[in-house]
Amino acid sequence: MPTAIVTGASSGIGFEVARLLHLKGYKLVLASRSLERLKQLLRELGEGSGIAVKTDVSRYGDLRQLVERAVETYGEIDVLVNNAGVGLYGPFHEVRPVDIEYVVKVNLVAPMLLSRLVAEHMIERGDGCIVNVSSLAAFTPVPWFAVYGAAKAGLKSFTDTLRLELKRYGVRVIGVYPGYIKTNFFKNMIRTRTASSMEVNVLPSGPELSPRDVAARIVDAIVSGKNGDVYVGILNRLAKEAAVHMPKLSTMFISYFYTRGLRRAGLIKP
Ligand SMILES: NC(=O)c1ccc[n+]([C@@H]2O[C@H](COP(=O)([O-])OP(=O)(O)OC[C@H]3O[C@@H](n4cnc5c(N)ncnc54)[C@H](OP(=O)(O)O)[C@@H]3O)[C@@H](O)[C@H]2O)c1
């Protein structure tokens with residue numbers, strides 16, 4: 001049976017990816033800080049469905065231990081889903097330095113380190129698949145998400161480059177670029193003081209898709225042999241095309257809504 005490591009499997013997109021990979025016959029190695037939630041998921045899926053490894057992806061020692069446990073238990077790693085992520089929301093000049101480091105570690109450094117830890121196994125076998133869950137924010141500036149957006153843009157660059165490097169060894173690299181997805185992501189975001197004091201976001205949110213929709217597309221890409229990018233929903237696809245092909249227009253659009261949001265929140269004069 002093939003084996004998949006899924007980070008951030010305790011909630012949202014990662015939780016649904018784990019369930020769908022199980023249905024496709026994968027043994028699961030689930031990682032997050034909430035060990036009990038991972039164990040609960042494995043109990044629901046049934047005995048022998050996989051193992052749970054308490055992991056803080058911002059710590060290299062935890063990542064090494066995660067891969068060691070996966071190899072010890074199942075011998076091989078067929079799929080790595082780098083899904084764990086955290087937002088950092090608010091005016092950049094209020095952001096705490098310690099949060100900058102943490103958010104870049106979780107969203108960018110951890111996927112790099114985990115990819116490094118599994119790549120040699122995959123290259124030796126001439127097979128494997130690495131999935132990096134980035135964001136539409138990788139394509140366009142999003143005010144109040146400067147650090148998160150930069151980390152996700154870095155993850156996009158890493159994903160595109162790794163795909164070129166690993167293709168010749170039979171290892172696939174899939175980039176995933178969700179827009180607004182109905183998960184705990186917005187509740188779990190680290191917020192600066194101004195962002196904490198506000199009840200609404202300064203930017204309008206787009207249509208929210210379900211984590212199940214995103215997970216289904218990710219798992220389809222894994223099992224169908226895709227070696228490319230995944231976008232979910234026609235509006236997200238349009239937003240990405242606009243950001244790539246009409247960046248000035250796309251930025252003007254965001255700037256307009258940002259200024260309007262600040263005004264409505266009473267943060268700038270009408
Ligand atoms: N929701 C959206 O609108 C949206 C849009 C674009 C991209 N994304 C990306 O999609 C991915 C999944 O997010 P989601 O929407 O499913 O959010 P979520 O429901 O908040 O899930 C985030 C997951 O990441 C894990 N995580 C966070 N920090 C971690 C750490 N230091 N170590 C280990 N695990 C950690 C959490 O587990 P524990 O708390 O148990 O550790 C949780 O399982 C993220 O990479 C996010 O950036 C989400």
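Select α1 and helix α8 (residues 211-224): the two pack at an angle of about 50°, their axes 8 Å apart. Axes here are lines fitted to C-alpha atoms, for helices over the stretch in contact, and angles run from 0 to 180 degrees between N-to-C directions. That angle makes α1 oblique to α8; angles under 35 degrees count as roughly parallel, over 145 as roughly antiparallel, 65 to 115 as roughly perpendicular and the rest as oblique. The crossing of α1 and α8 is right-handed (a crossing is left-handed if the near helix is turned anticlockwise from the far one by less than a right angle, and right-handed if clockwise).

Before going on, note that this is a predicted model, in which local features need pLDDT of at least 70, side-chain atom pairs count only at pLDDT 80 or more, and totals for chains, interfaces and linings use all residues. Residues are numbered from 1 along each chain as its sequence is written. Helices (H or I, at least four residues) and strands (E, at least two) are DSSP runs, numbered from the N terminus.

Now show the side chains between α1 and α8. On α1, pick Gly12, Ile13, Glu16, Val17, Leu20 and Leu21; on α8, pick Pro211, Arg212, Val214, Ala215, Ala216, Ile218 and Val219. Two residues are in contact if their C-beta atoms, placed from the backbone, lie within 7 Å. By class, the contact of α1 with α8 has 10 nonpolar, 1 polar and 2 charged residues. Ala, Val, Leu, Ile, Met, Phe, Trp, Tyr, Cys and Pro count as nonpolar, Asp, Glu, Lys and Arg as charged, and the others, Gly among them, as polar.

Next, select the strands. They include an open sheet of 7 strands in the order β3-β2-β1-β4-β6-β7-β9, with parallel pairing; two strands pair if DSSP finds at least two bridges between them. β3 (50-54) and β9 (229-231) are the edge strands, each pairing on one side only. From one strand to the next, the twist averages 15°.

Zoom in on β6 (128-133) and β7 (171-177), which pair in the parallel sense over 6 bridges. Gly128 has Val171 of β7 as its bridge partner.

**Helices on the sheet**

Select helix α2 (residues 35-45), which lies across β2 (27-32) and β3 and runs at about 175° to β3. Then move to α4, which lies across β4 (79-82), β6 and β7 at about 170° to β4.

**Neighbours of α4**

α4 passes α5 in a right-handed crossing. Residues to show in this contact include Ile100, Val103 and Met112 of α4 and Tyr148, Phe158 and Leu162 of α5. The contact has 14 nonpolar, 3 polar and 1 charged residues.

Last, select helix α3 (residues 60-74). Its axis comes within 10 Å of that of α4, and the two cross at roughly 35°. The contact joins Tyr60, Leu63, Arg64 and Val67 of α3 to Ala110, Leu113, Leu114, Leu117 and Val118 of α4.
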